[in-house]
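Thank you for coming, everyone.

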Amino acid sequence: IDPSLRLRRAIHTSDALLVSRILKSHPTLIHNPDTSPLGLSNTSLHLASSLGYLPIVRVLLTLGHDSPPNSISLNEEHQTPLMLAAKEGHTEVVHELCSSWEWGGRSIGGHDTCLQILLTFAGQHSERNDGISSNSTERILENADVDGNTALHFASSNGHLLVLRTLLAAGADAERRNVWSWTPVAYSATVQAEVYFKGLVAEVERRRTVRREVELQRESKGAAGSSVRLVGAADSEA
């Protein structure tokens, strides 16, 4: 059997060990875009992410699939693995893809509250002076397909609330519009989902505001402390 076909079959059967063995023998096959008529040139990471196979996603990332800072896989519709994972509601894969780019593939269990996810990503985002985010996670969150849809659009339109929380906590832009000028919240599957989404956005922004205020207070205290004049021996004698 052709190695590229064997690799796709191994991913479909969720055999992480076999995937590792095939890629050890054929390292150049790691991306392995699907050139079949309906394959959309999806890479190995697209396939594993869409199926929600976290162990295989980790294997692929460890072996260098989509290594930062410049490599983000796009299929023929400009969709990223993150978009496909968000579309199918695979929260752990979404979290892995967001965290692996900047912080080494950490994973958390449960996701019982928005606070858990916020704590995982707290303080990890950096911005340039012009306000545009410069870290790699922001780059994959900002990627859009041919219709301008981001991973957050996919999660919203498919009603995956846990994925919404993960993406928002990671820094996804809730106001990003697609080519039809629709924001992610406009695609909410139900009225309840829309209310929940708006509540999440408000909660995330509130926590970020609190964090910024705390950081400013620390900076102010640090500046005040450094400006205190230390009285030396010479001053005492005077």
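Predicted model: local features only at pLDDT ≥ 70, side-chain atom pairs only at ≥ 80, totals over all residues.

Residues are numbered from 1 along each chain as its sequence is written, and side-chain values use heavy atoms, with hydrogens and water left out.

Thr-166 sits in helix α10, residues 161–170, where helices are DSSP runs of H or I with at least four residues, numbered from the N terminus. Thr-166 is buried, at a relative accessible area of 0%; buried means under 20%, exposed means over 50%, and partly exposed lies in between, using a 1.4 Å probe and protein chains only.

Let me turn to charged pairs, where a salt bridge is a side-chain nitrogen of Lys or Arg within 4 Å of a carboxyl oxygen of Asp or Glu. By this rule the count is five, and one of them joins Glu-96 to Arg-58 at 3.3 Å, N to O. Because Glu-96 belongs to helix α6 and Arg-58 to helix α4, this pair ties together parts that are 38 residues apart in sequence. Glu-96 is buried at 4% relative accessibility, whereas Arg-58 is partly exposed at 33%.

Finally, consider helix α5, residues 81–88, which is largely enclosed by the rest of the structure because six of its eight residues are buried; among them are Pro-81 and Leu-82.

Key
Helix = DSSP H or I, 4+ residues; strand = E, 2+ residues; numbered from the N terminus.
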